[in-house]
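This report examines selected features of one protein model.

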Amino acid sequence: MRAVVTGGAGFLGSHLIDRLVREGFGVVAVDNLVTGAWENLGHHESGVTRVEQDACESLQVEGEVDWVFHFASPASPVDFVRVPLEVLRAGSFATQSAIELALAKGARFFLASTSEVYGDPQVSPQRESYRGNVSPTGIRSVYDEAKRFAEAMTMAYHRHRGLDSRIVRLFNTYGPRMRLDDGRVVPNFIGQALRGESLSIYGDGTQTRSFAYVDDIIEGVWRLTQSRYHEPVNMGSDEEHTILEFAAIVHEVCESNMPLRFLPAAEDDPRQRRPDLILNRSLLNGWSTRVSLRDGLERTATYFRSRV
């Protein structure tokens with residue numbers, strides 16, 4: 001078997017490639033290194049071909065391809081401000097480029113989407129049928145709307161061109177290989193705690209998130225490839241924590257006792273985030289997260305200690 005992974009040098013893409021290699025795949029990793037780093041694939045001595053290219057450009061891959069995994073996109077609040085046009089292009093042009101490659105090769109297509117398609121949800125937990133509460137013009141809209149467009153494009157190609165596709169909506173995934181300057185709450189808090197700084201809380205800290213360790217998410221992604229389901233599927237932990245609760249756990253894991261620093265709430269920051277997993281568990285043989293939040297944070301902190 002052979003797979004192409006766009007965003008293959010990124011956080012999620014590199015972990016996916018680890019799993020594909022273990023399953024016996026040869027892999028072509030495509031990345032323009034805007035947010036990824038080949039260092040994330042440095043442990044692969046064979047089986048992985050690196051291609052430095054913007055996935056928005058026409059993807060040309062020699063030989064047979066069985067799967068195209070589209071995981072390319074900047075995905076943090078910092079990126080939404082720093083490279084907003086690249087975020088939009090990753091959801092539009094790059095999605096179409098990856099789909100066209102899959103069709104040309106007779107391959108199956110897998111889209112990594114996000115819980116951000118629900119925006120600032122007015123219902124909880126969020127079920128796949130919920131259509132969301134998304135601002136089309138706010139700072140976060142470049143990511144939210146890009147992923148919504150990517151889902152729409154994938155389903156259109158599935159219905160009208162016979163694309164054999166899968167769509168996963170990922171909720172707050174974390175773990176080793178995240179960037180310290182990522183801007184999301186896990187690297188922010190761990191980096192600040194390891195440097196002996198106050199943890200930055202945006203808003204009052206009562207907003208909630210559901211955190212899932214990357215190994216659990218990749219297991220779910222792999223199981224979804226084995227299904228025949230084409231509509232979007234939620235994937236994440238349904239264990240919900242306030243940001244204040246999360247900060248307390250990070251303090252314990254990193255042995256930090258610095259006071260919290262409260263800052264103005266981020267624009268369009270969702271107040272609540274928790275997946276409904278009924279569909280997921282019916283499709284994926286009872287998949288659920290196995291790594292506890294504390295254990296996952298300890299593994300992640302160990303990774304970041306060498307980088308602080």
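## Strands S5 and S6

Thr114 has Leu170, a residue of strand S6, as its bridge partner. Strand S5 covers residues 108-114, and six bridges join S5 to S6, with the two strands running parallel. The model described here is a predicted one.

Strand S6 comprises residues 165-170, and six of its six residues are buried, so that the strand is mostly covered according to the cut-off of under 20% relative accessible area. Ser165, Ile167 and Arg169 point one way from S6. Arg166, Val168 and Leu170 point the other way, and the residues of both sets are buried.

## The second largest pocket

Which helix provides the largest share of the lining of the second largest pocket? That share comes from helix H5, residues 141-161, which provides four residues. Sorted by class, the lining contains six nonpolar, two polar and five charged residues.

## Aromatic pairs and a cluster

Rings of Phe, Tyr and Trp count as a pair if their centres lie within 6.5 Å. By this rule, the model has 13 aromatic pairs. One of them is formed by Tyr174 and Tyr213, whose ring centres are 5.6 Å apart and whose planes stand at 70° to each other. This pair is classed as edge-to-face, because an angle over 60 degrees between the planes is given that name.

What does the pair tie together? Tyr174 belongs to strand S7 (residues 173-174) and Tyr213 to strand S10 (residues 212-213), so the pair ties together parts that are 39 residues apart in sequence. Tyr174 is buried, at a relative accessible area of 1%. Tyr213 also counts as buried, with a relative accessibility of 5%. Both residues belong to one aromatic cluster, together with Phe189, Phe211 and Phe246.

## Ser227 and its loop

Where does Ser227 lie? Ser227 is found in the loop between helix H7 (214-225) and strand S11 (232-235). Is this residue buried or exposed? Ser227 has a relative accessibility of 8% and therefore counts as buried.

A polar atom of the Ser227 side chain lies 3.3 Å from the backbone nitrogen of Tyr229.

Conventions: Residues are numbered from 1 along each chain as its sequence is written. This is a predicted model: local features need pLDDT of at least 70, side-chain atom pairs count only at pLDDT 80 or more; totals for chains, interfaces and linings use all residues. Side-chain values use heavy atoms; hydrogens and water are left out. Rings of Phe, Tyr and Trp (its six-membered ring) pair if their centres lie within 6.5 Å; planes under 30 degrees apart count as stacked, over 60 as edge-to-face and the rest as tilted. Buried means under 20% relative accessible area, exposed over 50%, partly exposed in between (1.4 Å probe, protein chains only). A polar contact is a pair of N or O atoms within 3.5 Å; within protein, one must be able to donate a hydrogen and the other to accept it, and residues adjacent in sequence count only if both atoms are side-chain atoms. Ala, Val, Leu, Ile, Met, Phe, Trp, Tyr, Cys and Pro count as nonpolar, Asp, Glu, Lys and Arg as charged, and the others, Gly among them, as polar. Two strands pair if DSSP finds at least two bridges between them.
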